[in-house]
Amino acid sequence: MKPESIKTLDDVAKIPFTVKTDLRDNYPLGILAVPPHRLYCLHASSGTTGKPIVVAYTRRDLECWTRLMGRTFDVAGVRKGDIVQNMYGYGLFTGGLGFHYGARAVGATVVPSSVGNTKRQLMLMKDLRSTVAACTPSYMVYLCEASRAEGYSPRTDFVLKIGLFGAEPWSEEARKRIEDTFGLRAHDCFGMSELYGPGVAIECDQRNGLHVWGDEFLVETINPDTGEVLEPGSEGELVFTMLSREAMPLLRYRTRDLSRVFEEECACGRYHSRIQRIKGRSDDMLIIGGVNIFPSQVEHVLMNVRGLGDQYQIVVSHEELDRLAVKVEAPQGRLNDFELLKKVQTDLFATLGIRTRVELVEEGSLPRLEGKAKRVVDLRPKE
Ligand code: DLL
């Protein structure tokens, strides 16, 4: 295709899709559209195998991302004078720095407390009088319980007004729980590393769909099985084209996220079209406490540990927080081999970045299915 081939919006449908494996196959920086010395920053997110996907930003890309995050904060009502406790992970994950840039763009005060250390988070939330909480919704739900367990009265000890929650699917029930506990207004934020990070779409005060920043992202919905473009309003897989990205201008990037686009004007007065809250994914990626995990990553680790059997099962559950457990078969003599267990646990942590409970089970005890193996058991409550 040549740039001249695109004359109208309908011509966009002639451009082939870009998919996650295109990025993985070109690891680390094989699809850059600028010379490497123009890069200002690199982030990374999980790929389907051991190697992550690397995402690159020029100076202009970082400025654009910051502007989009600033708008995202603005839509949610965050202003100068607000104190933003940013509990997204700082590091390769785009959540931490993305929200950091957003807070700076609106002139708010940012507390980069990053993930974890719940006691300290609660202490800071009270003592620094944080007015905005930014974290994964599952962590905020956890803070509902944890704050009471630590002896706080969430509505009087904290002064949170606004919550910016995303990076994983969540429900209206979770929203209600968070709002009732903390007396704040919770906004759903959507984004993905390949599309800068957070800051692709955000709920306004109407909270009836998330406004997509259409001046930067052209959004389409497709039938995930056939690739056919769907009319606005129909449910399908979201596909994004970035309009001004320099380092990695992805065209028709398939997100695997299922949603619906609607273009009606919003009561808030904004013309940016909206996407419905993400319904789920059309691939097997699991999101565990905001961390993306592919079952193939687990398999990759297990295959590389000597002494294990071939069958395994991934069990995801929810006890206060999302938990990941891996059951793997081992020969009779090694079921109590602590060294082996430890090795699996350490290797999984190194690849996935989250802690996993590993169980060595008897050979023959895990279910065998004909045809496609069902490796994942997800016991988390459904909406
Ligand atoms: O999760 C970026 C982000 C950080 C978004 C903080 C919002 C807040 P990735 O790690 O690349 O990037 O994961 C992207 O997470 O394709 C969705 O499946 C899922 N996801 C992100 N936001 C939402 C949301 C960040 N609001 C993947 N609702 C996406 C449901 C979400 N799923």
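In the predicted model, an oxygen atom of the ligand lies 3.0 Å from an N or O atom in the side chain of Arg281, a polar contact being a pair of N or O atoms within 3.5 Å. A polar side-chain atom of Ser193 is 2.6 Å from an oxygen atom of the ligand, and a polar backbone atom of Glu168 is 3.2 Å from a ligand nitrogen atom. The ligand taken alone exposes 610 Å², of which the protein buries 98% (Shrake-Rupley accessible areas, 1.4 Å probe).

Around the ligand there are 22 residues, of which Asp188, Cys189, Ser193, Asp257 and Asn292 come nearest; a residue is near if one of its heavy atoms lies within 4 Å. By class, this shell has 11 nonpolar, 6 polar and 5 charged residues (Ala, Val, Leu, Ile, Met, Phe, Trp, Tyr, Cys and Pro count as nonpolar, Asp, Glu, Lys and Arg as charged, and the others, Gly among them, as polar). Strand β7 (185-192) and helix α3 (94-105) each supply at least two shell residues, and β7 gives the most, with 5. Helices (H or I, at least four residues) and strands (E, at least two) are DSSP runs numbered from the N terminus.

Helices α4 (residues 118-127) and α5 (residues 137-149) pack at about 80°, with their axes 11 Å apart. Helix α4 is therefore roughly perpendicular to α5 (65 to 115 degrees).

Residues are numbered from 1 along each chain as its sequence is written. Local features need pLDDT of at least 70 and side-chain atom pairs pLDDT 80 or more, while totals for chains, interfaces and linings use all residues, and side-chain values use heavy atoms, without hydrogens and water.

Key
Axes fitted to C-alpha atoms, helices over the stretch in contact; angles between N-to-C directions. Parallel < 35°, antiparallel > 145°, perpendicular 65-115°, else oblique. Polar contact = N/O pair within 3.5 Å; in protein donor to acceptor, adjacent residues only side chain to side chain.
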